[in-house]
Amino acid sequence: MQSILEISGLTKIYAGGFTALESVDLNITQGEIFALLGPNGAGKTTLIGAVCGLVKPTSGTIKAFGHDLSRDWRPARARIGLVPQELATDMFEAVWRAVSYSRGLFGLAPDAAKIEEILRSLSLWDKRDEQIRNLSGGMKRRVLIAKALAHEPELLFLDEPTAGVDVELRRDMWRLIGKLREGGTTVILTTHYIEEAEEMADRVGIIREGRILMVDEKSAMMARLGRTEALIELAQPLAEIPPVLSAFPLSLTDGGRQLCYRGGDGTGKGKEEVANLTKALVHADIDFTGIDIHESSLEDIFVDLVEERA
Amino acid sequence: MGFNFRGAWSIYTREIMRALRTVFQSILAPVLTTSLYFIVFGAAIGSRMEAVDGVSYGAFIVPGLLLLTLLSESTSNASFGIYMPRFTGTIYELLSAPVGVAETLVGFVGAAATKSLILATIILTTATVFVDYEIAHPVLAIGYIMLVAAAFSLFGFILGIWADSFERLGIIPQLFLVPLTFLGGTFYSIDMLPEPWGTIAMFNPIVYLVNGLRWTFYGSSDVNIWVSFGLTVGFLAICVGVITFIFRTGWRLRS
Ligand SMILES: Nc1ncnc2c1ncn2[C@@H]1O[C@H](COP(=O)(O)OP(=O)(O)O)[C@@H](O)[C@H]1O
Ligand SMILES: [Mg+2]
C-alpha cells in the first residue's frame, strides 16, 4: 500500500521551551483508519497541527502525498481536511454558506449537489439556512465536519471527534467514518476513548509525552499485549497454589478465596488454557463456585503501557 | 498549483457579505458621521469662512474629510477582518487551506479596500448635498483613493495580526490615525499655521496624504504631489513587505 503521509524526526518545542513532540516518526498508508491514542497533553493536537499548518515544526520533515510540506504545501493541503478539537465557527454565518465557503477556500468549484450530500449525511440539511450560533454544540461539531469534508479531502484529520458529543452523533460518526473508508479516504483520528480505536481503527499509535511508544495493527497489538483474565471463585480457600497447577500463570487473591489467571495473547490461546485449567481443578478435586473470564481491552493494554513506561 | 483564485475569491465574497450583514456599522455609521462634518464645517461654518487657495472652505475640507473616513474605515475593516478569525479560532481553516499570503491579501485586504471605495463614493455623493465642489483630475482622484484604501487596508491587516485584544485593535486608529488626520490639514492649509507649527506639521505623514488627495481635487496643494504619491506607494510597499514576512515566519498566526 502507498504511503500518503510520512513524518520523520518531527520535533516541536513551543516558544516557552516545552517539548510537545520529540522525534516522531509515523507513516500512514492510503485508505487506512489510524487512531492516535494518548492521554491529555500527549501531543496529539500538536502533531495534527504540524501536518495541517497550524504549528511550525522545530525540526523534522513531513511529507504528504509525496510533497514536502515545508516547501510544497499548497498541493498537499488541498487534499487534506481537518476537524479541529475546539468548536470554532463563524457564529453569524448560515450553515450552507459556511460549508460552501470551505469548499471554495480549498480551490474547488461550487457544487451544490455535493454540499447537499454532505449536509444530508450529517443530518444538517434541515438546518442549512440556520445561523450557526442557533445550533446546539453537537450540531456545531457536525458543521465543522461538513466544512472539513466540503473539499472532498483524501486525508482527513479528526481531532477528538467524539469528545463530549451525544450518543447519536457518535453513532453517526461511526457511520460516516465507515462510509469514508469505503470511499477510500484515509482517516487519522485522535481519541482517548479506547473503545473508539478498538472499534474503528485498522492501526493504532500510542503517544505519550510527545513520543510515539508503539504503532501497530490493532489486531497485532491485541495479540502482542492482549491478556485473558479469569477469576475463579473457590468453594474452599487455599493457602497456596497446589503444585499440580504450577504450569498455569496463577495467583491467589481475596484471602485465597479467588484464583486469578492472567495469560494468553489475545488470540484465543488464553481461553483454551482456562478450559484446561478448569479440567485440572476438577481433576485435583478443587471445587469452585463461579468463573468470570474476559479478554483485556485495548484500554487495559494502554493503561499498562503508559504505566510501564512512566 | 499556483495562485488559488477560488480561495481568494471565497475570502473576498465572504468578507463583503460580512459587511452587508452589518451594513449599519460598515456603511451607514461612517456616512452619517461624515455628513455631520459637512453640515457643521461645510455648510454652517464654511459659508462664513474665506476661500482657501481660491477654493471655498466647504469644498476645501471635502478631500480631508474623505481621507479621514478612508483611513479609519480601511484600517478598522481590514484589522477586524483578520482579528476576528484569530479571536474565535476559525483561523485554523485559513491556515490549513491552500492559501498563502497572496490569496489572503487579495481576499481580506481587497474586500476592505472595496468597502472603503464604496464608502468613498457614497461620501462624495453625500457631500454634493451640502457643498459645491468639482474634481479637477477625477481619474487621478479615483486612483489615489484606491491607493490610499489599499495601503491602509494593508496597514489594518498588520494591526489585526499584531493585536491580541480588542483594546489594542482600537487603540492605533483612536490614538494615532484620528489625531494625525485632524492635525494633517483636513480643516486648514498648512500655510495658515504659525511657525514652528507649520514646520512641525511637515513631519506628519498624513499631511502628505491629505494634500495629495486635495491636489487631485483642486489642482493645488501645500506639498509636492509626487512626494505624496511616493510616500503612499512607499507605505504600501512596506506593508506588503511586513505581511510577507509575517506569513513567512508565521508570527502570531502559527504556534
Ligand atoms: N501554543 C502552545 N504553547 C505552549 N505549549 C503548548 C501549546 N500548545 C500545546 N502546548 C502544550 O503541549 C502539550 C501537548 O499539547 P497537545 O498537543 O494539545 O496535547 P493533546 O492534544 O494530546 O492533548 C501540552 O502539555 C500543552 O500544554
Ligand atoms: Mg488535543
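Reader: As I understand it, two strands pair if DSSP finds at least two bridges between them. Which residue stands opposite A:Lys63 in β5(A)?

Author: A:Asp68 in β5(A) stands opposite A:Lys63. Before going on, note that this is a predicted model, where local features need pLDDT of at least 70, side-chain atom pairs count only at pLDDT 80 or more, and totals for chains, interfaces and linings use all residues. Residues are numbered from 1 along each chain as its sequence is written, while chains are lettered from A and ligands numbered from 1 in the order in which they are written.

Reader: And what is a strand or a helix here?

Author: Both are DSSP runs, numbered from the N terminus: helices are H or I with at least four residues, strands are E with at least two.

Reader: How do β4(A) and β5(A) pair?

Author: In the antiparallel sense, over two bridges, with β5 of chain A covering residues 67-68. They form a hairpin with two residues between them. A:Phe65 sits in that turn and has a positive phi of about 55 degrees.

Reader: Which strand do five bridges join to β4 of chain A?

Author: That is β1 (residues 3-13) of chain A, and it runs antiparallel to β4 (residues 59-64). In that part, A:Leu5 stands opposite A:Ala64 in β4(A).

Reader: Switching to the ligand. Where does ligand 1 lie?

Author: Between chains A and B. It is surrounded by 13 residues, and the closest are A:Tyr14, A:Ala20, A:Lys44, A:Thr45 and A:Thr46. A residue counts as near when its C-beta atom, placed from the backbone, lies within 6 Å of the molecule.

Reader: Which helix gives the most to that shell?

Author: Helix α1 (residues 44-52) of chain A, with three residues. By class, the shell has four nonpolar, eight polar and one charged residues. Ala, Val, Leu, Ile, Met, Phe, Trp, Tyr, Cys and Pro are taken as nonpolar, Asp, Glu, Lys and Arg as charged, and the others, Gly among them, as polar.

Reader: How many residues does the contact take from each chain?

Author: 26 residues from chain A and 22 residues from chain B. On the side of chain B that touches chain A, α1(B) provides the largest share, seven residues. That side divides into eight nonpolar, nine polar and five charged residues. Contact here requires C-beta atoms, placed from the backbone, to lie within 7 Å.

Reader: How many helices and strands are there in chain B?

Author: Ten helices and zero strands. Its radius of gyration is 19 Å, close to the 18 Å that the globule rule gives for 255 residues, so chain B is as compact as a globular protein of that length. The radius is taken over C-alpha atoms, and the rule is 2.2 Å times the number of residues to the power 0.38.

Reader: What share of chain B counts as buried?

Author: 44% of its 255 residues. Buried needs 20 or more other C-beta atoms within 10 Å of the residue's own, exposed 12 or fewer, and partly exposed is in between, with C-beta atoms placed from the backbone.

Reader: Is B:Ala237 buried or exposed?

Author: B:Ala237 counts as exposed, because it has 12 C-beta neighbours inside 10 Å. This residue is in helix α10 (residues 225-249) of chain B. Its C-alpha atom is separated by 9.5 Å from that of B:Leu154, 83 residues apart along the chain.

Reader: Back to chain A. Which domains does the assignment give?

Author: Domain 1 (3-223) and domain 2 (227-296). Their C-alpha centres lie 44 Å apart. The bounds come from an automatic or database domain assignment.

Methods. Contact = placed C-beta atoms within 7 Å.
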